[in-house]
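Visitor: Could you walk me through this structure, one feature at a time?
Guide: Gladly; let us look at it together.

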Amino acid sequence: MFAFKSSKIDTAQDHELLLHYQESMDLQVLGDLYQRHTEMVYYVCLRYLQDSELSKDAVMNIFEELIYKVNKQEIKDFPRWLYVLSKNHCLMYLRSQKNKSQISLDEFVKFPGDMHQYEQYDEKEEQLTAMEGCLGKLPDKQQQSVRLFFLEEKCYKEISESTGYSLNEVKSYIQNGKRNLKNCMEAWNEQQ
């Protein structure tokens with residue numbers, strides 16, 4: 001298990017370790033890089049999973065994902081990329097758990113104190129489903145810009161560099177995409 005480490009992170013050293021791993025494929029180097037950010041990963045997982053043991057397991061699972069994913073993407077800012085990867089890992093875990101059919105005591109006996117928590121979870125899941133459906137309906141340029149800005153937390157300049165769109169186009173696509181996404185989600189919610 002990784003020991004959680006808290007310190008001010010030197011991003012230049014992150015970049016050096018990342019490049020060294022990509023060249024050598026030495027898991028020890030990747031482990032050293034990941035070790036620098038395990039505390040952040042743990043707290044991201046804890047925020048989403050709301051369970052310390054599940055969060056510790058997620059920290060290990062995310063490391064295993066890194067082995068495969070770190071060479072498949074261009075990573076300019078490792079901590080931000082890792083934050084998004086961790087968040088997405090937790091969201092996928094929560095979604096998979098919701099889709100599992102389990103028979104538990106909760107299905108036979110209602111616990112009033114817990115019902116509010118389940119209702120909130122269902123509401124969040126409905127919103128995520130609506131957002132995914134509506135994102136797919138956006139024009140390609142708006143969809144790409146919105147995904148990069150909100151889901152991958154890229155800045156305007158990074159989006160402009162990676163897509164080839166001008167800064168003004170990026171701002172316009174995000175603004176229009178956000179408005180269209182909001183309208184679509186409102187219509188979706190009215191249908192439910």
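**Reading the model, feature by feature**

Guide: Leaving out residues up to four places away in sequence, Ser145 touches Ile159, Tyr165, Tyr173 and Ile174, where contact means heavy atoms within 4.5 Å. Before going on, note that this is a predicted model, in which local features need pLDDT of at least 70 and side-chain atom pairs count only at pLDDT 80 or more, while totals for chains, interfaces and linings use all residues. Residues are numbered from 1 along each chain as its sequence is written, and side-chain values use heavy atoms, with hydrogens and water left out.

Visitor: Where does Ser145 lie? And is Ser145 buried or exposed?

Guide: Burial is read from relative accessible area: buried is under 20%, exposed is over 50%, and partly exposed is in between (1.4 Å probe, protein chains only). Ser145 has 0% relative accessibility, so it counts as buried. Its place is helix α8, residues 140–151; helices here are DSSP runs (H or I, at least four residues; strands are E, at least two), numbered from the N terminus.

Visitor: Which backbone oxygen lies 2.9 Å from a polar atom of the Ser145 side chain?

Guide: The general idea is the polar contact: a pair of N or O atoms within 3.5 Å; within protein, one must be able to donate a hydrogen and the other to accept it, and residues adjacent in sequence count only if both atoms are side-chain atoms. Here the oxygen belongs to Lys141, at 2.9 Å from the side-chain polar atom of Ser145.

Visitor: Which residues does Tyr156 contact, leaving aside its neighbours within four places in sequence?

Guide: They are Phe149, Leu167, Val170, Lys171 and Ile174. Tyr156 lies in helix α9 and is partly exposed, at 32% relative accessible area. With Val170 the C-alpha to C-alpha distance is 6.5 Å, for a sequence separation of 14 residues.

Visitor: Which residues of α3 are buried?

Guide: Thr38, Val41, Tyr42, Val44, Cys45 and Leu49. They cover an arc of only 165° around the axis, so they sit on the same side of α3; the arc is that of the directions from the helix axis to the C-beta atoms.

Visitor: Which residue follows α3, and what is its phi?

Guide: Gln50 follows α3 with a positive phi near 60°, although Gln50 is not a glycine. This residue is in the loop between α3 and α4 (52–69), and its 66% relative accessibility makes it exposed. Met25 also has a positive phi of about 60° without being a glycine. Met25 belongs to the loop between α1 (11–24) and α2 (27–35), and at 44% it counts as partly exposed.

Visitor: How many residues are in the largest nonpolar core?

Guide: A nonpolar core is a set of buried Ala, Val, Leu, Ile, Met, Phe, Trp, Tyr and Cys residues joined through side-chain atoms within 4.5 Å. The largest has 24 residues, and Tyr34, Leu66 and Leu82 have the most contacts inside it. Two or more residues each come from α1, α2, α3, α4 and α5 (78–99), with α5 giving the largest share, six residues. Another core lies apart from it, with eight residues, including Leu138, Val146, Cys184 and Met185.

Visitor: How many salt bridges does a search of the whole structure find?

Guide: Side chains of opposite charge can pair when their charged atoms come close. The criterion is a side-chain nitrogen of Lys or Arg within 4 Å of a carboxyl oxygen of Asp or Glu, and the search finds six. One of them joins Glu53 and Lys56, 3.6 Å from N to O. These two residues are three apart in helix α4, about one turn; Glu53 is partly exposed at 48%, and Lys56 is partly exposed at 29%.

Visitor: Which salt bridge links distant parts of the chain?

Guide: Lys76 pairs with Glu161, with the closest N and O atoms 3.9 Å apart. Lys76 is in the loop between α4 and α5, and Glu161 is in helix α9 (156–163), 85 residues apart.
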